[in-house]
Amino acid sequence: MERVLETERLYLRRFLPKDATALLSMNNNPKVMQYTGDVAFKNIHEAEQFITNYNPYDQYQMGRWAVCCKKQGAFLGWCGLKYHPEENYVDLGYRFMEKHWKKGYATEACKGVISYAFNKLRIQNIYVYAQVKNEASIKVALKSGLQFIEQRMHENNLTNIYHIKNSFVFVKEITALTTHPVRHKVLRQGKPIESCIFTHDELDTTFHIGLYYYDELIGVASFMKNSHDFFSTSFQYQLRGMAILQQFQGKKFGQLLLNEAFKILKNKGIRFIWCNARESAVNFYTDFGFETIGDSFQIPEIGTHFVMHTTTS
């Protein structure tokens, strides 16, 4: 039985078939279910089917995890993360059996999950949605370090939304020289470091941004005033040298880097962006809103590329 994470008194793991009885009991308590919007299981078979069919662990590397007491191994409730692919956000949820309320288990579990999300999964933002009448859930969110950001209707209920940001990750403008180590490791492996110097790097109109994780530079991107013949727009900027260190790829750091970069571009009045995208990166740029134009082409010693473009508005 693999433990996902541990805290002082608790450990969290995936749901197991043996949890069905406890889940059935917990979800048939009206006090537990009052503010959830969920429907209670009708019988043990429904609880077992829920566990059998619950699959976000492998799909998203996260999910709601069973919370167990270290001493007795007893099932106390659940706590964990849920990814919403349509809106592209992660929420933190928690539900405990009534007999285990007011013992600090929910807050302890939430803090453990947040630490795991930021350090292991490298998630950037976590949200809690709590109905305004659900005072206990709100207290847990606040004690766990989340802050209130807004109130709105959610699933037909007036809901408070709380948020916590991964403070170990930040973006700032950097010099061209600072980009070279990351460019070299990701884009110019095996080539001289001088190959990381790009035309227009040092122009006043060019800017470079760096993505830091625990003060380590893990990603870079450069934006240069440069026009492509494919486009008639008079004021164009080219994205060049975007790179995320290999061990941090696939964790949405690239998306975070571009999100922050586009805020800077908007502030500078820059609306049209194009890039020469490597074939392996086309899907990433497409997901971010870029479109391909023209046929593929070769850059000597680097490989197949496509011209892609988008706007910041």
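Before I go on, the ground rules. This is a predicted model, where local features need pLDDT of at least 70 and side-chain atom pairs count only at pLDDT 80 or more, while totals for chains, interfaces and linings use all residues. Residues are numbered from 1 along each chain as its sequence is written, and side-chain values use heavy atoms, with hydrogens and water left out.

Back to the rings. Trp65 and Tyr116 have ring centres 5.6 Å apart and planes at 85°, so that pair is edge-to-face. The two come from distant parts of the chain, 51 residues apart: Trp65 is in strand E3, Tyr116 in helix H5 (residues 105-119). Helices (H or I, at least four residues) and strands (E, at least two) are DSSP runs, numbered from the N terminus. Trp65 is buried at 2% relative accessible area, and Tyr116 is buried too, at 18%. For the record, buried means under 20% relative accessible area, exposed means over 50%, and partly exposed is in between (1.4 Å probe, protein chains only).

Another edge-to-face pair is Phe248 with Phe253, since their centres are 5.8 Å apart and their planes sit at 75°. Both of those are buried. There's also one aromatic cluster made of Phe15, Phe41, Phe50, Tyr54 and Tyr57.

Now charges. How many salt bridges does the structure hold? It's 12, counting a side-chain nitrogen of Lys or Arg within 4 Å of a carboxyl oxygen of Asp or Glu. Take Asp91 and Arg64, whose side chains meet at 2.9 Å, N to O. That one also links distant parts of the chain, Asp91 in strand E5 (residues 89-96) and Arg64 in strand E3, 27 residues apart. Asp91 is buried, at 9%, and Arg64 is buried as well, at 14%.

Then there's Glu6 with Lys70, at 3.3 Å. Here the separation is 64 residues, from strand E1 (residues 3-6) to the loop between strand E3 (64-69) and strand E4 (75-84). Glu6 is partly exposed at 46%, and so is Lys70 at 33%. Arg3 joins Glu6 and Lys70 in a network of salt bridges. The charged end of Arg3 also sits over the ring of Tyr11, 3.7 Å from its centre. For that I need NZ of Lys or CZ of Arg within 6 Å of the ring centre and within 35 degrees of the ring normal. Arg240 does likewise over the face of Phe198, at 4.1 Å.

Last stop, helix H8. H8 has 15 residues and spans 22 Å from first C-alpha to last, close to the 21 Å expected, where the expectation is 1.5 Å times one less than the number of residues. Its buried residues include Phe253, Leu257, Ala261 and Ile264. Lys263 and Glu260 form a salt bridge at 3.2 Å; both lie in H8, 3 residues apart, about one turn. An α-helix has 3.6 residues a turn, so residues three or four places apart point the same way. Lys263 is partly exposed at 48%, and Glu260 is partly exposed at 22%. Just after H8, Gly269 takes a positive phi of about 80°.

Conventions. Phe/Tyr/Trp six-rings, centres within 6.5 Å; stacked < 30°, edge-to-face > 60°.
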